[in-house]
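Please read the following report alongside the sequence and the coordinates.

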Protein chains: 2
Amino acid sequence: MAIPVNPVYFSYVTHTLALISSIFVLVWCISFRGGLAWEHPDKTLIFNVLLRNKHKFRVICIHPVLMLIGFIILGGEAIISYKALPFEKPVKKLIHLVLHATALILGCIGIYTAFKYHNESNIANLYSLHSWLGMGVIVLYGIQWIYGLVVFFYPGGSHEMRRDSLPWHVLLGMFVYALAIGTAALGFLEKLTFLENSGVAKYGSEAFLVNFTAIFAVLFGAFVFFTAVSQPPPHDGYSAI
Amino acid sequence: MAIPVNPVYFSYVTHTLALISSIFVLVWCISFRGGLAWEHPDKTLIFNVLLRNKHKFRVICIHPVLMLIGFIILGGEAIISYKALPFEKPVKKLIHLVLHATALILGCIGIYTAFKYHNESNIANLYSLHSWLGMGVIVLYGIQWIYGLVVFFYPGGSHEMRRDSLPWHVLLGMFVYALAIGTAALGFLEKLTFLENSGVAKYGSEAFLVNFTAIFAVLFGAFVFFTAVSQPPPHDGYSAI
C-alpha cells in the first residue's frame, strides 16, 4: 500500500533530519562530553574517577558519533538511495551497496570502541538490552548485505530468484533498520541514565540535548521508511526510478 | 511490496510471541518485583527505602503489565485482526476498533500508574526519553483512533476520502505502533538500569528475564508488521479477507 507522495519530497525531510541529528550528537560529544578521542592519555583516570569528570569520557564519545552518523544515517541514506537519487538504476544499486558497506564498517568500528572503552574502564560487556540488540543488528545487517551482494549484484541470482527474494530483502532490511533505530534510542537513554545517576541534571540542557538527538534520530528513521514506501502519484512528472 | 505468505501462518507466530512475552512480564512483576498492587499499605517505605526492597515496587509493577499486555499486545492483535481472523470485513473492522479502544484505555491507565508511583515516591516525572516518547505515542494513538472512527466507521467519510485516507491510516498506524514497541523496550532498559544501580546482578536471572521479555516484545511487534504486510500467494486457498 504505497503512499502517493513523490519520494523526493520525503527525502528532503529525511536529509534535513539527518543533518540536525548529526549536529546534535556532535555538539553533545564535543561540547558536553569533552570531545572525541581514540586513546586517552591518563588511563588511571578512566578507571578510577569514572563518571566524575566529563573529560574522562572522550574515548567512549566516538561510539555514539560513529553509530549515529556512520551507521544509522549512512544506512538510512543507503535505503532511500533508490527513491531519492536521480540516476539510472545500476548506479543507484551501486550507491545502495557502497553506502550500506560503509555503514556496516563504521558500525563495526563503533561497536569496537564500546568494547574498548568498557575493557579499559573495567565495565562489564554485553549485559544490557542495548548491547544485545546492537550485536543482533550488526550480525543481521552483515548477513543482509552479503545476501544482497550475492543475489542482486555479483554473481547475481537467476531472474526468478531475484524476483522472489526482493520482497524479503526489503522486509528484512526494514526490520533490521527499525531495530537499529530502536537500539540507538536505547543507547541514548542508557548513557543519559548513567550520567543522571552521576549528577547530570534530569531537566538540564545536556539531558534535553540527548533526548532531542534521540527523537530526531527516530524521526529520521521514520522518514527513511516513509521515503521508501512512497510512490509518486500519477501525472506527477517524477522520473527518478 | 507484499510478502507472499498466508498471513494466518504469521499470525500464529505473533500470538505465540504475545503469550510468551505476557508470561515473562507477569513472572517478572509477580515473582521478582513482589506482585501487583494499586495501593501499597506503607507509603513511607515507598518514599524512604526506595530501591532497597523489592516489596516496595508493587505499585509500579502494574505499569509494565498494563503497557505490555494491555497496550502493546492488544494493540498488535487489533492491527492484525484484518489478516488473522476468519470473519466478514465489517466484523473484523469492529474487532479492530474495539481492540484498539481497549488498548488505548489500558495504556492510559498504565501511564497513570507511572505518574502515581512517581508522585507517591517523590520521583521526577517526564524527564526521560521513555516518558517523552510514551506521551507522544499515546497522544498519536488517540488521534489515530478518533480519525479511524470518524472516517472509516461512524459517521464515515465519502468513498474517495476513505480510499485516499487508508494508506495514510496504515502508514501512520504502523509508525505509531513501531514507536510504541521502541518505547516499551526503552522502559524495560530504563527500569532494569535503575535496578542494576541498586544491586540487581547485571548477569543475574532477573536481568536476563527482563531483557528477554523486551526481546520477545520486539519480536512480537516485528511479526505484527510481517502479518500486516503479508498476502497469501495465488492458489493458496486463503479466504479470510
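## Charges over rings

In this predicted model, the charged end of B:Lys202 sits over the ring of A:Tyr127, at 5.2 Å from the ring centre. A charge is said to sit over a ring if NZ of Lys or CZ of Arg is within 6 Å of the ring centre and within 35 degrees of the ring normal.

Local features are reported at pLDDT of at least 70 and side-chain atom pairs at pLDDT 80 or more, while totals for chains, interfaces and linings use all residues of the predicted model. Residues are numbered from 1 along each chain as its sequence is written, chains are lettered from A and ligands numbered from 1 in the order in which they are written, and side-chain values use heavy atoms, with hydrogens and water left out.

## Aromatic pairs

Over all chains the structure holds 23 aromatic pairs, where rings of Phe, Tyr and Trp (its six-membered ring) pair if their centres lie within 6.5 Å, and planes under 30 degrees apart count as stacked, over 60 as edge-to-face and the rest as tilted. One of them is the edge-to-face pair of A:Tyr127 and B:Tyr203, with 6.4 Å from centre to centre and 80° between the planes. This pair joins two chains, because A:Tyr127 lies in the loop between α4 (89-120) and α5 (129-153) of chain A, and B:Tyr203 in the loop between α6 (159-197) and α7 (205-229) of chain B. A:Tyr127 is buried at 7% relative accessibility, whereas B:Tyr203 is partly exposed at 45%; buried means under 20% relative accessible area, exposed over 50%, and partly exposed in between (1.4 Å probe, protein chains only).

A:Phe223 and A:Phe226 also form an edge-to-face pair, at 5.1 Å centre to centre and 75° between the planes. These two residues are 3 residues apart in helix α7 (residues 205-229) of chain A, so about one helical turn separates them, and both A:Phe223 and A:Phe226 are buried. They belong to one aromatic cluster together with A:Phe10, B:Trp168 and B:Phe175.

## Cysteines

There are 0 disulfides over all chains, a disulfide being a pair of cysteine sulfur atoms within 2.5 Å. For B:Cys108, the closest cysteine sulfur is that of B:Cys29, and because the two sulfurs are 19 Å apart, they are too far from each other for a bond. B:Cys108 is partly exposed, at 42% relative accessibility, while A:Cys29 is buried with a relative accessible area of 0%.

## A buried serine

B:Ser11 is found in helix α1 (residues 7-32) of chain B and is buried, with a relative accessible area of 1%. Leaving aside residues up to four places away in sequence, B:Ser11 touches B:Ile80, B:Ala84 and B:Thr227, where contact means heavy atoms within 4.5 Å. The C-alpha atom of B:Ser11 is separated by 22 Å from that of B:Leu104, a residue 93 places away along the chain.

## Chain A as a whole

Chain A has 7 helices and 0 strands, these being DSSP runs numbered from the N terminus (helices H or I, at least four residues; strands E, at least two). Of its 241 residues, 53% count as buried. Among contacts in chain A between residues at least 6 apart in sequence, 76% join residues at least 24 apart.

The accessible surface of chain A comes to about 10900 Å², of which 71% belongs to carbon and sulfur atoms; accessible areas come from the Shrake-Rupley method with a 1.4 Å probe, and for residues only the protein chains shown count as cover.
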